[in-house]
Amino acid sequence: KTITAGTKVLLIGDSVMLGAKNNLEAKIPNSFVDAKESRGIEKATEIINSVRAQGMLPEIIVIGLVTNQRYISAATYDAILNAAGPNHKFILVTGYCGPTQSRDSQNAVTRDYANTHDNVWLADWYALAINDWSLMYSDHTHLDFSGRETYTNLIANIIKEIQ
């Protein structure tokens, strides 16, 4: 499946988002999920540039790429927003990788960035996942059935709010 002219929401993610792909595309009308295992945040700019070059970049872009990141800075997110150009709305999804792989600094940068940019919203997956391991398989990272639903609803509700 490739992105089409009718796409209203582009979701770029890693294996966590990949697990929820069918749920996301079913619940969010005219959405396209580009998610892949082990993907890092550096791929977001490349994907956005490619979709923009095709003339298909939608207004709303969701970035769920914290899971595999050891380092994120405001400059990381600046590059993503700059690749898209003006007139886009972004949703940044925090990450959760279980109790042994902290993403606290990455999530702090993500929260701060969303809180300081008018065109950026936060989907705080970490805040939901930290208190409910039943949302994930035993690796405490990847989504089980209820996790896919919860993750999808978190993102879909923000999209409804900003559309």
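Predicted model: local features only at pLDDT ≥ 70, side-chain atom pairs only at ≥ 80, totals over all residues.
Helix α5 spans residues 104-115. Its twelve residues reach 16 Å from the first C-alpha to the last, close to the 16 Å expected at 1.5 Å a residue. Five positions are named as buried: Q106, N107, T110, Y113 and A114. These residues lie on the same side of α5, because they cover an arc of only 125° around the axis. An α-helix has 3.6 residues a turn, so residues three or four places apart point the same way.

Helix α7 covers residues 145-162 and has 18 residues. From first C-alpha to last, α7 reaches 26 Å, close to the 26 Å expected at 1.5 Å a residue. Buried residues in α7 include G147, R148, Y151 and T152. L154, I155, A156, I158, I159 and I162 are buried in α7 as well.

D14 sits in the loop that links β1 (9-13) to α1 (15-19). D14 is buried, yet no salt bridge is found for this residue. The nearest side chain of opposite charge belongs to R103, 8.0 Å away. A salt bridge requires a nitrogen–oxygen distance within 4 Å. The side chain of D14 does make a polar contact of 3.1 Å with the side chain of T67.

Conventions
Residues numbered from 1 in each chain as written. Heavy atoms only, no water. Helix = DSSP H or I, 4+ residues; strand = E, 2+ residues; numbered from the N terminus. Expected span 1.5 Å × (residues − 1). Buried < 20%, exposed > 50% of the residue type's maximum accessible area, 1.4 Å probe, protein only. Arc of directions from axis to C-beta. Lys, Arg positive; Asp, Glu negative; His and termini not counted. Polar contact = N/O pair within 3.5 Å; in protein donor to acceptor, adjacent residues only side chain to side chain.
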